[in-house]
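Dear colleague,

Please find the structure below, handed over for your own work. My notes on its helix packing, core and salt bridges follow.

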Amino acid sequence: MLTRHELAERWGCSERTIDRVIASGDLRAHRIGRSIRIAEEDAEVFLARRRIR
């Protein structure tokens, strides 16, 4: 499970961008306590759906 910060660093974007993608429903996220986590598998699925062919 990745934090929003970790995923933003991997993708080279801001945490705000990650928040927008989560809010749009395109990226699944889980609230664990006060933190939001994203499964690595969900991040990979998101990227695969946006791959340009």
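Does Glu40 count as buried, partly exposed or exposed? At 37% relative accessibility, Glu40 counts as partly exposed; here buried means under 20% relative accessible area, exposed over 50% and partly exposed in between, with a 1.4 Å probe and protein chains only.

Before the details, two remarks on conventions. This is a predicted model, in which local features need pLDDT of at least 70 and side-chain atom pairs count only at pLDDT 80 or more, while totals for chains, interfaces and linings use all residues. Residues are numbered from 1 along each chain as its sequence is written, and side-chain values use heavy atoms, with hydrogens and water left out.

**Salt bridges**

The whole structure holds four salt bridges, each defined as a side-chain nitrogen of Lys or Arg within 4 Å of a carboxyl oxygen of Asp or Glu. Glu40 pairs with Arg10, with 3.5 Å between the closest N and O atoms. This pair links distant parts of the chain, as Glu40 is in helix α3 and Arg10 in helix α1, 30 residues apart. Helices (H or I, at least four residues) and strands (E, at least two) are DSSP runs, numbered from the N terminus. Arg10 counts as exposed, at 53% relative accessibility.

Asp26 and Arg50 meet in a further salt bridge (3.1 Å, N to O). Asp26 lies in the loop between α2 and β2, and Arg50 in the segment after α3, 24 residues apart. Salt bridges that share partners also join Arg4, Glu15 and Asp19 into one network. Within it, the closest N and O atoms of Asp19 and Arg4 are 2.5 Å apart. Asp19 lies in helix α2 and Arg4 in helix α1, so this pair ties together parts that are 15 residues apart in sequence.

The buried residues of α3 (residues 40-49) are Asp42, Ala43 and Phe46. They cover an arc of only 100° around the axis, which puts them on the same side of α3; the arc is that of the directions from the helix axis to the C-beta atoms. Among the elements covering them are α1 (4-11) and α2 (15-24).

The largest nonpolar core has ten residues, including Leu27, Ala43 and Phe46. Such a core is a set of buried Ala, Val, Leu, Ile, Met, Phe, Trp, Tyr and Cys residues joined through side-chain atoms within 4.5 Å. Helix α2 gives the most to this core, with three residues. Leu27 touches Asp42, Ala43 and Phe46, among others, not counting residues up to four places away in sequence; contact means heavy atoms within 4.5 Å.

With kind regards
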